[in-house]
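Hi,

Here is the structure I said I would pass on. Have a look at it first, and then read my notes below.

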Amino acid sequence: MLDSPLKLHPSVALRPEPFGALAYHYDNRRLIFLKHPTIVDVVKDLEQHPDLQATLSAHGIDEQQWDNYDKAICSLIESDVVVAR
Amino acid sequence: MTALTERMKDGLDAPICITWELTYSCNLSCVHCLSSSGRRDPKELTTEEAFRVVDELREMQVFYVNIGGGEPMIRRDFFDIVEYATSSGVGVKFSTNGTYIDAATAQRLAAMDYLDIQISLDGADAATNDAIRGEGSYDTAMTAMRHLKDAGFGEFKISVVITRHNIAQLDEFKAIADEFGAQLRITRLRPSGRAVDTWEELHPTLDQQRTLHQWLLGHGENVLTGDSFFHLNALGESLPGLNLCGAGRVVCLIDPIGDVYACPFVIHDEFLAGNVRNDGGFAAVWRTSNCFTELRGPQSAGACASCGSWDACQGGCMAAKFFTGLPLDGPDPECVGGDGEYALASAGAIPRPSGDHSKPIAVQLGRRSNA
């Protein structure tokens with residue numbers, strides 16, 4: 001997914017919380033927990049960059065951790081929080 | 001216990017799930033009503049005050065609210081409040097007995113966005129349901145569901161409170177839900193409201209709880225539970241959902257007069273955190289009330305500390321303990337390890353819920369028959 005252009009689903013709202021954020025999908029009425037503040041920043045910023053790896057790099061995230069972020073984003077794609085653009 | 005669940009115990013900046021009872025007025029008198037509803041409270045929030053509550057929820061980014069009562073559709077401004085909420089980005093799920101959903105209303109509801117409906121049904125047949133909810137209430141609910149289906153509302157919810165008498169009907173409830181293209185939601189009976197007097201004869205037996213646990217595991221996330229059966233996790237495999245009491249941490253109740261309680265099942269002064277009419281409104285109650293701050297603090301396992309199942313069940317439901325006269329730091333009255341029954345034998349006095357809005361019992365002054 002690293003080279004895919006992505007964005008936050010337009011029907012998803014994010015609410016900051018001490019652990020990261022709470023995401024609510026207005027279309028399917030599902031609540032999803034984003035369990036780390038950095039993943040929240042990345043998700044919010046996806047649309048500003050050509051693809052996922054450009055976003056990660058812009059946020060200064062160590063390349064060794066990209067796999068973990070890739071997995072986290074994949075699960076957010078499964079729950080329709082993040083979508084292709 | 002995950003790190004996330006640990007965080008939730010400290011409370012969130014805003015609730016995830018708010019129950020908002022719009023009125024204590026109700027055309028039914030269910031024997032297990034959690035809010036002892038029947039008569040309207042004259043101090044009910046006005047339409048304007050209700051709008052201000054919605055404004056606050058929007059500002060706090062509360063994504064949706066569970067509206068109930070009483071029967072919320074009795075309020076003349078019911079649609080005004082619901083439409084104000086959904087157009088503010090605060091989704092609405094409302095619980096109703098279905099009395100006021102005719103064909104035209106079903107069409108109106110079906111045309112609305114961000115709206116979900118929960119029809120209450122406590123028996124898969126009229127006899128079982130009506131014994132709890134009153135004569136004719138089964139037919140009323142089924143008629144409302146038919147209207148919703150015909151109007152193309154989509155997937156609404158059928159909400160069942162599990163009792164000793166309907167627990168054998170789980171598969172039948174599921175079949176009814178499937179027939180209407182609805183989703184089944186089953187929740188736990190708490191000894192709250194009028195159920196303070198009926199819980200003892202209605203709550204499921206230990207054997208029935210074991211059956212329920214297995215049934216829930218078999219149906220996974222297709223059947224909703226409001227995470228209300230986490231005390232069953234002590235039986236072994238954990239059910240999906242948050243394994244904790246969310247009272248004052250992630251959930252709360254706003255009652256018809258604006259009083260804020262820790263959860264819908266503890267309408268009692270002990271758990272009253274404040275009122276939305278006071279300075280600072282709902283946000284101040286959620287963020288700074290002593291009651292909620294205390295609930296977010298470390299909780300003692302008390303008599304359960306030496307039990308190997310504590311991590312699995314977290315001592316169960318606070319409301320269930322409170323309204324059966326049990327200490328809050330001890331076993332749930334329906335503890336699946338059997339400790340609850342033991343504790344109940346020496347329970348203290350049972351507290352009475354704060355308000356009783358039940359309708360006076362109608363005395364039949366019939367003419368004496370000469371026959």
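Start with strands E2 (residues 64-68) and E3 (residues 91-96) of chain B: they run parallel and are joined by four bridges. Keep in mind as you click around that this is a predicted model.

Now zoom out a bit. These strands belong to an open sheet of nine strands in chain B, in the order E6-E5-E4-E3-E2-E1-E7-E8-E9, and the pairing is mixed. Which strands stand at the edges? They are strand E6 (183-188) and strand E9 (272-275) of chain B; each has a single partner strand, so one side of each is left without a neighbour in the sheet. On average, neighbouring strands of the sheet are turned by 25° against each other, ignoring direction.

For an antiparallel example, go to strand E7 (residues 251-254) and strand E8 (residues 259-261) of chain B, which are joined by two bridges. Ile254(B) has Val260(B) in E8(B) as its bridge partner.

Back to H3(B) for a moment: this helix packs on the sheet and touches E2, E3 and E4 of chain B. The direction of H3(B) makes about 150° with that of E3(B).

Last, the place where the two chains meet. Twelve residues of chain A are in contact with eleven residues of chain B. On the chain A side, the elements that give two or more residues are strand E2 (12-17), strand E3 (20-25) and strand E4 (30-34) of chain A. E2(A) supplies the largest share, three residues. What is the make-up of that side of chain A by class? The side of chain A that touches chain B has eight nonpolar and four charged residues, and no polar ones.

Cheers

Definitions and conventions:
Residues numbered from 1 in each chain as written. Chains lettered and ligands numbered in written order. Predicted model: local features only at pLDDT ≥ 70, side-chain atom pairs only at ≥ 80, totals over all residues. Contact = placed C-beta atoms within 7 Å. Nonpolar A, V, L, I, M, F, W, Y, C, P; charged D, E, K, R; others polar. Pairing = 2+ DSSP bridges. Axes fitted to C-alpha atoms, helices over the stretch in contact; angles between N-to-C directions.
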